[in-house]
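Subject: Structure handover

Hello,

Here is the structure we discussed, with notes on what turned up in it. Please read the notes alongside the coordinates.

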Amino acid sequence: MSPDSKAPAQDSAAWEVDAAVTSVAPNSRSRAKAQANTQAQAQGRARRGSRACVALDGTGGDNQNTRAVVDAVRFAMAMYPQLDLIIFGASQLEHDLAKAGIKEDRYQFRMAQQTIPQDESPRDVLKYYRNAAMVQAMLCVQSGEADSMISSGGTGPLVCVARHILGVQHLSERRMEHKERIAMQLGLSAKGAAAFIRGGAVRPCFSARIPVGPQRFALMLDLGANATCTPSDLYDFACLGSECAQISLELPSPRVAILNVGTELGKGNALVQQAREYIEQDRSLQYVGFIEGNRIFRNDADVIVTDGFTGNVALKAAEGVADIYGSSGGMKRFFSKMARPEWLLPWQYNGSVLLGVNGVVVKSHASAGVEAFAVAVVEAARAAQASLAENMQRRLSKD
């Protein structure tokens, strides 16, 4: 999209562009905003009862074929009968949905033709793309009109929009005190300590279920929201992952591990070594040590913590190997299917949840096929019906 085609943002208290665009530092205003968002979402869920409403950004992804979106919508509705959708996109998508014969009482279509480029700066995202499908879907979550949203758009814009519109979640007083003690041990100045503690605000991150056996799963995070991380960020991820595993995987005491190049205590760079100390000192986390990449799918841990760059590379490498099995020809294809367990099929696990924001936001792979995108839509519905974001904040703030 050329700069001339950008539409200036409408005036709105929820859309004010200020110095906090790229910061997670909290204040009383951000906490009040988060509480208002949570209350609106809870009221929306109560009105819908057993049904789940997902706001869908129909403009993102590598595949711009609207028929693929339509097929994914139809598949998701068949998989999850309680699902309703608010779909944002261009006129071609509206036309294809109407032709598909999908029950009109299962979805609403709303025109939103703006698409946010993946490399757009956070400030420009918030200033010029008020009418983008991704933004409009996020506003539906904020207002409680939708229970969750899903997008295949750029990771950077999605995290930026989610943090700004929904706000970030906060750690408990006990965990803030834990960070304060660490700041004192590090000898940080008052300004440095404030930046380190961030008033308890967490660093949001992408988490995904990964298969570790038949009907067994672990959570891996971060998967791309934060390419550069600090040890304090990895501590936040451990807290977020542990609480999420207790809710979504129903594990009373999830095993937390840090992804590393070896399991020995002295292995790894300063990031993982310092993160180990922070996580190990929090007795509410069941830390079990380092985990190597070749053990990710072997049920050695329930929560695997890493920075967004490493996590994204590791996950895509694993998916690439799995795809090689499926792309073999002739007899090789036959034997590769026999050798690969069904529970390792990558498309079954599409959909990363953005933990640490006050609402359910799901990111689908940009290159996801019809089945994979439908799975991510259903993941968004299930996370919403489990009140994931609300329960996460309740657990995070509990001392």
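Two strands are said to pair if DSSP finds at least two bridges between them. The model is predicted, and the notes below should be read with that in mind.

Confidence. The chain has a mean pLDDT of 85, with 83% of its residues at 70 or more. Residues 1-5 stay under 50 in pLDDT, and the model gives them 5 contacts beyond four places in sequence. Residues 7-26 are also below 50, with 52 contacts in the model beyond near neighbours in sequence.

The chain gets from S2 to S3 by way of helix H3 (residues 91-100), in a right-handed β-α-β crossover. Within this pairing, leucine 85 is opposite tyrosine 107 of S3, and phenylalanine 88 has arginine 110 of S3 as its bridge partner. S2 also pairs with strand S1 (residues 52-57), again in the parallel sense, over 6 bridges. There, leucine 56 has isoleucine 87 of S2 as its bridge partner.

How enclosed is S2 by the rest of the structure? Largely, because 7 of its 7 residues are buried. Leu83, Leu85, Ile87 and Gly89 point one way from the strand, Asp84, Ile86 and Phe88 point the other way, and all are buried.

Helix H7. This helix covers residues 173-186, and its 14 residues should span 20 Å at 1.5 Å a residue; the end C-alpha atoms are 20 Å apart, so the two figures agree. Buried in H7 are Arg175, Met176, His178, Lys179, Ile182 and Ala183. These residues lie on the same side of H7, because they cover an arc of only 155 degrees around the axis. Met184 and Gln185, on the other side of H7, are exposed. After H7 comes glycine 187, which has a positive phi, near 70 degrees.

Serine 352. This residue is in strand S10 (residues 352-355). Is serine 352 buried or exposed? Its relative accessibility is 10%, so serine 352 counts as buried, the cut-off for buried being under 20%. Leaving aside residues up to four places away in sequence, serine 352 touches Phe206, Ser207, Ala208, Leu223, Val361, Val362 and Lys363.

Regards

Definitions and conventions: Residues are numbered from 1 along each chain as its sequence is written. This is a predicted model: local features need pLDDT of at least 70, side-chain atom pairs count only at pLDDT 80 or more; totals for chains, interfaces and linings use all residues. Side-chain values use heavy atoms; hydrogens and water are left out. Helices (H or I, at least four residues) and strands (E, at least two) are DSSP runs, numbered from the N terminus. The expected span of a helix is 1.5 Å times one less than its number of residues. Buried means under 20% relative accessible area, exposed over 50%, partly exposed in between (1.4 Å probe, protein chains only). The arc is that of the directions from the helix axis to the C-beta atoms. A crossover is right-handed if, with the strands pointing away from the viewer, the path from the first strand over the helix to the second runs clockwise. pLDDT is the predictor's confidence in each residue, from 0 to 100. Contact means heavy atoms within 4.5 Å.
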